[in-house]
Amino acid sequence: PILASAHENGCICLWSIQGNLVKELLPFSKYPSVPLTALRTDTSTKMLLAGSKEGHIMCWSIASFLEDPQNSKNQIKEDLCWRAHSTEVVDLFHEEEKNVVVTASTDGSVRLWHAMNGYYLGYFGQARKFELSDISRLILPCDVNNFPTIIKEESKHMEKKNKCEYPLVLDRDK
């Protein structure tokens, strides 16, 4: 078992049950790191989802890493990032059967998104029914103007490095 914790600096820490730090992750984003406010896995623990104070949702593939965390070939890969709300995300979950992500925010809205590409499907309380099968048209809620970002390549910025190649040394003579 692995425990995950979300932090104010935007970092996600993965811990062993014994309390040892296994891995630190930083979301890959063109935006500066912001506090993470919600963290969830799907029921089969293949996907890790995080919500931020600025309304972003980040999605990582974690299945291969959880099979063998000691194997360096089994990496955690961030797949997707999108702006879901204009304010803080307070909760989220992934509904695997329908392949949707449900997000809730301090703006008072609860929204539905396609889990594989971050496409907006609607909000709870809307007049029309949800069209879960139609993901061909890319629409956005009225308060969001950024399209989802699908992350195709590994980024060196995703994993927080603990080692410093050039540590700072205090030289009292200078």
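This is a predicted model: local features need pLDDT of at least 70, side-chain atom pairs count only at pLDDT 80 or more; totals for chains, interfaces and linings use all residues.
Two strands count as paired here if DSSP finds at least two bridges between them, and strands themselves (E, at least two residues), like helices (H or I, at least four residues), are DSSP runs numbered from the N terminus. Residues are numbered from 1 along each chain as its sequence is written, and side-chain values use heavy atoms, with hydrogens and water left out.

On those terms, β1 and strand β2 (residues 12-16) run antiparallel and are joined by five bridges. Within this pair, Ala 6 has Ile 12 of β2 as its bridge partner, and Ala 4 sits opposite Leu 14. The hairpin of β1 and β2 leaves five residues between the strands, and there Gly 10 takes a positive phi near 90 degrees. On to the next pair: β2 and β3 are also linked in the antiparallel sense, over four bridges, with Cys 13 opposite Glu 24 in β3. Four residues lie between the strands in that hairpin, where Gly 19 takes a positive phi near 95 degrees.

Put together, these strands make an open, antiparallel sheet of three in the order β1-β2-β3. Its edge strands are β1 (2-6) and β3 (21-25), each pairing on one side only. The twist averages 20 degrees from one strand to the next, taking axes as lines fitted to C-alpha atoms (for helices, over the stretch in contact) and angles from 0 to 180 degrees between N-to-C directions. As for β2, four of its five residues are buried, so the strand is largely enclosed by the rest of the structure; buried means under 20% relative accessible area, exposed over 50%, and partly exposed in between (1.4 Å probe, protein chains only).

Cys 13 is one of the buried residues, at 7% relative accessible area. The structure has zero disulfides, a disulfide being a pair of cysteine sulfur atoms within 2.5 Å. For Cys 13, the nearest cysteine sulfur is that of Cys 11, 4.1 Å away.

Strands β9 (residues 100-105) and β10 (residues 110-114) pair over five bridges, and Val 100 has His 114 of β10 as its bridge partner.

What about the interior? A nonpolar core is a set of buried Ala, Val, Leu, Ile, Met, Phe, Trp, Tyr and Cys residues joined through side-chain atoms within 4.5 Å. The largest has 14 residues, of which Leu 49, Ile 57, Trp 82, Leu 92, Val 101 and Trp 113 touch the most other members. Two or more residues come from each of β5 (47-52), β6 (56-61), β7 (77-83) and β8. A second, separate core of 12 residues includes Leu 14, Leu 36, Trp 60 and Cys 81, and Cys 81 is buried at 6% relative accessibility.
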